[in-house]
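Here is a short tour for you to read alongside the coordinates. Have the viewer open, and follow along one section at a time.

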Amino acid sequence: MKKPLINYLLLVAFLLSSIACKQVSKLNNGAYVGPFYTVGNIYMAPEGLPPQIRRVAMLPLVPSRGDRSAERGIQFMQPVLTQEFSRNRIFDVVTIPPDRLQRMFGRRSIYADEPLPHDFLPRLKQETGCQAVLFTELITFRPYPPVAVGWKLHLFDLDSEELIWAVDEVFDGGHSAVANSLRRFIRKTHSTHNSAAVEILVLDSPREMARFSIAELIPTLLKKNPKVAVNPAESNSSHRVSGEPDIVGPKPAPAVDSKAEESKNPAPTDPDSGAI
């Protein structure tokens, strides 16, 4: 057998063995086989995102009350949150910086569960041309390995004041499902030629975790009647922007047939019995 042919066969054998080794390695790589993380703590209005919602006013990101880590993370996470939502093709985002919010309502930040300034809804709609408002809160920020980022987001319709979408979710890189999903996200969004090197750099990056987490949350806006978790995001929050909170609890008991009930427990006829 001629030497060039032998070299060619050896090269083919080497390439085939390399491909086989890569396939075997994938079987042991969680970024390929999982388990993967699934967002579960969400609320979505039964009818889904209304078609008239084309522009959304995003309020300044606020830290979870009393959380010093979240307070330090605001300056890093606000740009990521704004950029990732602006990239989506679901609706246009109009960001409301703290300075503009101060000029409009005398406050630099607003939480979704606190009383709103006077004329907040109509004025926000008039000055921004938006149909909805997004309240944003950073509930977890851990910038050291394993990194973690948590969001509490509320989207309200400015006309009806109804809650459209809510999320209360923490993405913790210390959990294998989250880490696997983050690695898969890196593989899809970065060049495959240097994905291994990039993965080492960004697995401990709060910014990359934030990008990944928002990329996981935004698609839930397009789902109708999603399965609500045991502890849904709105288990104790208002379904309206203003007014007293409406507690989201178990479904109301079915109506009782009044005639059947009367037949079982007839009303007293004695005038001294207290019947009205």
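## The model and its confidence

This is a predicted model, in which local features need pLDDT of at least 70 and side-chain atom pairs count only at pLDDT 80 or more, while totals for chains, interfaces and linings use all residues. Residues are numbered from 1 along each chain as its sequence is written, and side-chain values use heavy atoms, with hydrogens and water left out.

The mean pLDDT of the chain (the predictor's confidence in each residue, from 0 to 100) is 77, and 63% of the residues reach 70 or more. Two stretches call for a careful eye. Over residues 19-28 pLDDT stays under 50, and the model has 3 contacts there beyond four places in sequence; a contact means heavy atoms within 4.5 Å. Over residues 235-239 pLDDT also stays under 50, with 18 contacts beyond four places in sequence.

## The chain as a whole

The chain holds 9 helices and 7 strands; these are DSSP runs numbered from the N terminus, helices being H or I of at least four residues and strands E of at least two. Of the 276 residues, 39% are buried, where buried means under 20% relative accessible area, exposed over 50%, and partly exposed in between (1.4 Å probe, protein chains only).

Among contacts with a separation of 6 or more, 68% link residues 24 or more positions apart. The accessible surface comes to about 16400 Å², and carbon and sulfur atoms account for 56% of that surface. Areas come from the Shrake-Rupley method with a 1.4 Å probe; for residues, only the protein chains shown count as cover.

## Strand β2 and its partners

Strand β2 (residues 55-58) runs parallel to strand β4 (residues 92-95), joined by 4 bridges; pairing requires that DSSP finds at least two bridges between the strands. Here Ala-57 stands opposite Val-94 in β4.

β2 also pairs in the parallel sense with strand β5 (residues 132-142), over 3 bridges. In that pairing, Val-56 stands opposite Ala-132.

## Two nonpolar cores

In soluble globular proteins, nonpolar side chains tend to be buried together. A nonpolar core is a set of buried Ala, Val, Leu, Ile, Met, Phe, Trp, Tyr and Cys residues joined through side-chain atoms within 4.5 Å. The largest one has 40 residues, and those with the most contacts inside it are Phe-85, Leu-138, Trp-151, Leu-155 and Trp-165. Elements giving two or more residues include β6 (148-157), β7 (163-172) and α3 (68-87), and α3 supplies the largest share, 6 residues. A second, separate core of 20 residues includes Ala-45, Leu-101, Val-133 and Phe-156.

## Two buried residues with polar contacts

Ser-213 lies in helix α8 and is buried, with a relative accessible area of 0%. A polar atom of the Ser-213 side chain lies 2.8 Å from the backbone oxygen of Ala-210. Beyond its neighbours within four places in sequence, Ser-213 is in contact with Val-149, Trp-151 and Phe-171.

Tyr-111 lies in the loop between α4 (98-105) and α5 (120-128), and counts as buried at 12% relative accessibility. The side chain of Tyr-111 reaches the backbone oxygen of Pro-63 at 2.5 Å, and the C-alpha atoms of these two residues, 48 residues apart along the chain, are separated by 9.3 Å. Leaving aside neighbours within four places in sequence, the contacts of Tyr-111 are with Val-62, Pro-63, Arg-65, Phe-135 and Glu-137.

Technical notes:
Polar contact = N/O pair within 3.5 Å; in protein donor to acceptor, adjacent residues only side chain to side chain.
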